Amino acid sequence: MPAVSKGDGMRGLAVFISDIRNCKSKEAEIKRINKELANIRSKFKGDKALDGYSKKKYVCKLLFIFLLGHDIDFGHMEAVNLLSSNKYTEKQIGYLFISVLVNSNSELIRLINNAIKNDLSSRNPTFMCLALHCIANVGSREMAEAFAGEIPRILVAGDTMDSVKQSAALCLLRLYKTSPDLVLMGEWTSRVVHLLNDQHMGVVTAAISLITCLSQKNPDEFKTCVSLAVSRLSRIVSSASTDLQDYTYYFVPAPWLSCKLLRLLQCYPPPEDGAVKGRLVECLETILNKAQEPPKSKKVQHSNAKNAILFEAISLIIHYDSEPNLLVRACNQLGQFLQHRETNLRYLALESMCTLASSEFSHEAVKTHIETVINALKTERDVSVRQRAADLLYAMCDRSNAKQIVAEMLSYLETADYSIREEMVLKVAILAEKYAVDYSWYVDTILNLIRIAGDYVSEEVWYRVIQIVINRDDVQGYAAKTVFEALQAPACHENMVKVGGYILGEFGNLIAGDPRSSPLVQFNLLHSKFHLCSVPTRALLLSAYIKFINLFPETKSTIQEVLRSDSQIRNSDVELQQRAVEYLKLSSIASTDVLATVLEEMPPFPERESSILAKLKKKKGPGAVSVNELEEGKREGGELNGGGERGADNSAIAASNASTPSPSADLLGLRSGPSVSAAPPSAGSLLVDVFSEAGVNDDGFLSSATPPPSVVSEDPAPPLPESDELLHKFVCKNNGVLFENQLLQIGIKSEYRQNLGRMYLFYGNKTSVQFVTFSTTVTCPGELPSQLNVQAKPVEPLIEGGAQVQQVINIECLTDFCDAPLLNIKFRYGGALQNLSLKLPVTINKFFQPTEMASHDFFQRWKQLSQPQQEAQKIFKASHGMDTEVLKAKLLGLGMALLENVDPNPENFVCAGVIQSKAQQVGSLLRLEPNAQAQMYRLTVRSSKDTVSKRLCDLLAEQF
């Protein structure tokens, strides 16, 4: 790089920076900056042409102001002009300004590209490097299109200087990461790979970063790099620290290059060529040997560089998993780090040993360090190191040490950090099940787990223990005895009550012979916990009580008294009330035989993978699982205990669940697709049917002389807090689920033509109890009655359980509007009045007529709508992913025409449409400018009516 002469110092810049630093307040700083900006603007706009030095100075001041956090909206052209200078300092400042301030979507990109092309073809290495750095810093798709074919040629050319090759390799890497589809190596592949043999170590270091990235995506094309990488690694490893003086770091030759070579080799399986494989094994052995040598320096940089290569070599050994000798040596080396004074080394050793424990060659070697790992679990100060120790104990566990490891993990659970308790619980539960020879030990372990960390025991854990107890006859009596004893503790976790209720309800008869656990004692013990439990647990206990009546007829009167009490049959919770009533009736009218048949013992569950293991797979840990395994785990998690949706609570009769509201029920079938049951047969004929009915007036709309009683114009009750969110969900779509709770699901399907629309509402009863006095009212608040004509047909007053009814609403847009009609729904469920209000998703964009126009017509119309009140603009942060196809779908759903190849910037979207109302037509144009780098949007809407521009802008800003 050329030296900067004294004449290049910018005194004006130094004075300005000094002034800024001497400012006593923020206001003074802003005042000084504004003064300087005004001066620079006048200089740029002045008649007198500025020389290169002045341009450079002023551009540099603008750059400094921007770095202070102030917006800069001029000076970009002057910076581009500096690129054509032949002076290094001027060109450097121009490229620096562009790299920092010019957006990848800027209109100046083409001018910048021309300047870059000139510098790349100049063969001046300094100018070429500046150009390559600018391409890498901006990294726009347009730059990738312009230079993706040129840069590989520069990279492999024989006359290219080493510094330029380094910049070219890293620039190509940047473009490949941002636009992989544009960087096609093709004929350059073999020549790029052979850069690994380059004499200059800097070129090799830069090239290997590029090759590693390319190999991950296209391993077959670059597999020839393996032998070259092994050869280069061998030369580095066998060299002395004096052989590579320029690239030796604290007596370690080329540590960064060594790590990158080892990482590149991890992209491929072990070499098939025996000679190459032998040379690589020799390299790895040399690295392990050097780790045992005394350090050549006491400085931390020396040990860091040395250990970095060692851990990368161990990662490669683990990746190959084919050399028993190397795996055992790696394990022994990591074992030495387990007691190292450096926390980071202990963490990395534990993490690597977790992977080694899964290898058949090194598992036994890992097990020899069990005491050290247990000690780390107990004494480490850093929670992340303790978590890795727990992971390693889990990985090294087998039948020979399972009881010891599970005992230690249970002991640690009592004092474990809250952040890792849930994962620890899952691991203990899995190990106890996986290595249980004596299932009484398994039952003891899980109950201990619930006692120690009950809050962190998920449903999968206690479901699983019940599944195993039901499937194994030899442990049922022991399990009943153990939970009975556990429930006698004064403070008992709710999960223990669930397990106890289920197991005693099924197998309480196995311990009923002992007077200390007689049927009545069992019942009283369970019922003493009843008032402390949540509703789902109480429901389970009620199911256990009805089971007791079947198992122990002598408890019938006592249990019936409990079921008959007001606290049960008049319970405010519908589920508990229904269970109490049904169980009471069942126990009263059913014969002994019928009762025994209905309440027979649960059948064994089908054997399948543990749902606990499926849950653990979803958690992040050192043992990664494949996507397929995760999907299986998700499916398994949805089938509790391997019995479909049958959970511990389903031991009662099927009638107990017949009327339970299900939050996931989809009565209307709206989630599975756009079709809605009971919808008209042809969506295309929807509006034709609307406007061909009797009572259509001359305007093509239903006569409004006497509006139906279900439509009024008075202010309704306040809508639900989430009404606005539900409204915004339907701005760009017409079909879906409008509202859903445990009782009711409301589906919607609508279509619009010109200023008319028709909406179908589907009310689904998700319970088995009928809705009575069901009524709906559509109200138009404020000025909306003069803007929107809404007519709703009456709805059926009775909705049977599990059924749905349909309501039709006709809509006419009289003029533009901002508010939305309100839908009020009232009905009685179980005697209680339900009353809710929602906003109907009727927005101004529903009445758009898409308008196709050419580029010239669009921008001509855009300029005509240039008055300030006709434009609304918002700049906002992206709240969703900036996927092009998703953006297009939302804009098409808005109702406007999406115009292709109109905007000069292909990343932008432009739309046109006309809003049809009875009073007038309102033309609207839209421009959406996404900035993927900053994750921001600029949305501009221009309309012939100001209120329409603002409303459309507000609606659309919520969609992106």
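Here are some notes on the predicted model above, taken point by point.

1. **Ground rules.** This is a predicted model, in which local features need pLDDT of at least 70, side-chain atom pairs count only at pLDDT 80 or more, and totals for chains, interfaces and linings use all residues. Residues are numbered from 1 along each chain as its sequence is written, and side-chain values use heavy atoms, with hydrogens and water left out.

2. **Confidence.** The chain has a mean pLDDT of 82, with 87% of its residues at 70 or more; pLDDT is the predictor's confidence in each residue, from 0 to 100.

3. In what order do the strands of the open sheet run? The order is 4-5-6-9-8, with antiparallel pairing. Strands (E, at least two residues) and helices (H or I, at least four) are DSSP runs numbered from the N terminus, and two strands pair if DSSP finds at least two bridges between them. Strand 4 (735-740) and strand 8 (788-792) stand at the edges with a single partner strand each, so one side of each has no neighbour in the sheet. On average, neighbouring strands are turned by 25° against each other, direction ignored; the axes behind this angle are lines fitted to C-alpha atoms, for helices over the stretch in contact, and angles run from 0 to 180 degrees between N-to-C directions.

4. **Strand 5 and its partners.** Strand 5 (residues 744-753) is largely enclosed by the rest of the structure, because eight of its 10 residues are buried (buried is under 20% relative accessible area, exposed over 50%, partly exposed in between, with a 1.4 Å probe and protein chains only). Strand 4 is joined to strand 5 by five antiparallel bridges, and Val 737 has Gly 747 in strand 5 as its bridge partner. These two strands form a hairpin with three residues between them. The hairpin of strand 5 and strand 6 has two residues between the strands, and Gln 754 takes a positive phi near 55° in it.

5. Strand 8 and strand 9 (residues 804-813) run antiparallel, joined by five bridges. Here Val 790 has Ile 811 in strand 9 as its bridge partner.

6. **Salt bridges.** How many salt bridges does a search of the whole structure find? It finds 38, where a salt bridge is a side-chain nitrogen of Lys or Arg within 4 Å of a carboxyl oxygen of Asp or Glu. One of them pairs Asp 181 with Arg 141, with the closest N and O atoms 2.5 Å apart. This pair links distant parts of the chain, 40 residues apart: Asp 181 is in the loop between helix 10 (162-178) and helix 11 (189-193), and Arg 141 is in helix 8 (residues 141-147). Asp 181 is partly exposed at 43% relative accessibility, as is Arg 141 at 34%.

7. **A longer-range link.** Lys 839 forms a salt bridge with Asp 724, the closest N and O atoms lying 2.7 Å apart. Lys 839 belongs to strand 11 (residues 832-839) and Asp 724 to helix 37 (residues 723-729), so the pair ties together parts 115 residues apart in sequence. Lys 839 is partly exposed at 22%, and Asp 724 is partly exposed at 37%.

8. **Cysteines.** The whole-structure search finds zero disulfides, a disulfide being a pair of cysteine sulfur atoms within 2.5 Å. For Cys 225, the closest cysteine sulfur is in Cys 267 at 7.7 Å, which is too far for a bond. Cys 225 is buried, at 0% relative accessible area.

9. **Backbone check.** Most residues other than glycine have a negative phi. Arg 123, not a glycine, has a positive phi of about 65° and sits in the loop between helix 6 (109-120) and helix 7 (125-138). Asp 321 has a positive phi of about 50°, in the loop between helix 16 (300-320) and helix 17 (324-337).
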